[in-house]
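Visitor: Before we look at particular residues, I would like to hear how the terms are applied, one step at a time.

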Amino acid sequence: MHKPLRIAAVAAACAVAGAALYGAGAATAGQSTANSTHEPYNIGLLVKDIDTYYGTTPDAGGVYQASPTSPYAKDLASIDKAARKYIDKAARKAVRKGEKPAVVFDIDDTLLLSLDYEKRYNYTYNSASWAAYVNKADRPAVFGTPELVRYAQAHGVEVFYNSGLAEAQRSAAVENLKKVGADVDLDADHMFLKNAAAPPAYLGACATPGAWTCTTVQYKSGTRKHIEQDLGYEIIANFGDQYSDLDGGFADRTYKLPNPTYFVG
């Protein structure tokens, strides 16, 4: 996962939360803002808003966790309820039409929560620290999504994973997904990860061995196209925490999960 716009995106993602405190002449206690500067929302206050949204609290081991009673958890529960209702209906419809229904899940902050990494590194990204974090394979689940994976499987829907994680991180991703209960279709035929050294032929327009130029949208939509056109599935739903996880077509319906901590274009 590459996150070049992390800090800038924190401000963008929480613009709504900051709206009450931002505007021409807006001010916090003891602070004034000149009308002509259009000063952005204060990043310190923004981090407080993010913590409030997640209900961020360190557990007994010092690992930052989201609260199951937080606004974040409530938003996820609402998405989960709607998705379950839709999957049940769409799966039955697909089978009646002779189609093979499938769902696609992103992994980072769609199934596995990275909040502890964000807090520890102050919402910045470093490839070495990120790789070490992923390879620990102990991220907690995003509330409700492993259960949604199992729900889809129980309703006759094939589960695929479409992630920005590198091929070298496959074993850690599989181990972590098993730990949180998303132990469904974790083989290489169902889990698609970035392989810049040996990219699949269906990404040939933007990726050849040793020369990966695919944007996130190109990579993820190209993978979904492969699932539909080459593997013969009908993707009834696609889940991700970034719009770039969802854009580009090849899914009947998309579900955007909340993530105010970073942006991947």
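Guide: Let us begin with contact, which means heavy atoms within 4.5 Å. In this predicted model, among contacts between residues at least 6 apart in sequence, 66% join residues at least 24 apart.

Visitor: What makes Ala102 count as buried or exposed?

Guide: Buried means under 20% relative accessible area, and Ala102 has 0% relative accessibility, so Ala102 counts as buried. Ala102 belongs to strand E3, which covers residues 100–105, and buried residues make up 46% of the 265 residues in the chain.

Visitor: Which residues does Ala102 touch, leaving aside residues up to four places away in sequence?

Guide: With that exclusion, Ala102 touches Val157, Glu158 and Phe160, and also Tyr233, Glu234, Ile235, Ile236 and Ala237. As for Ile227, which is 125 residues from Ala102 along the chain, the C-alpha atoms of the two are separated by 8.8 Å.

Visitor: Why is Arg253 called partly exposed?

Guide: Exposed means over 50% relative accessible area and buried means under 20%, with partly exposed in between; Arg253 has 40% relative accessibility and therefore counts as partly exposed. Arg253 lies in the loop that runs between helix H10 (243–246) and strand E9 (254–256), in a chain with ten helices and nine strands.

Visitor: What makes the surface patch that includes Arg253 a positive one?

Guide: Lys and Arg count as positive, and the patch is formed by Lys81, Lys85, Lys89, Lys93, Arg96 and Arg253, so the patch is called positive.

Definitions and conventions: Residues numbered from 1 in each chain as written. Predicted model: local features only at pLDDT ≥ 70, side-chain atom pairs only at ≥ 80, totals over all residues. Heavy atoms only, no water. Helix = DSSP H or I, 4+ residues; strand = E, 2+ residues; numbered from the N terminus. Buried < 20%, exposed > 50% of the residue type's maximum accessible area, 1.4 Å probe, protein only. Patch = residues over 30% accessible without salt bridge, like charges linked within 9 Å, V, L, I, M, F, W, Y side chains within 5 Å. Areas by Shrake-Rupley, 256 points an atom, 1.4 Å probe, with all protein chains shown as cover. Salt bridge = Lys/Arg side-chain N within 4 Å of Asp/Glu carboxyl O. Charge placed at Lys NZ, Arg CZ, Asp CG, Glu CD.
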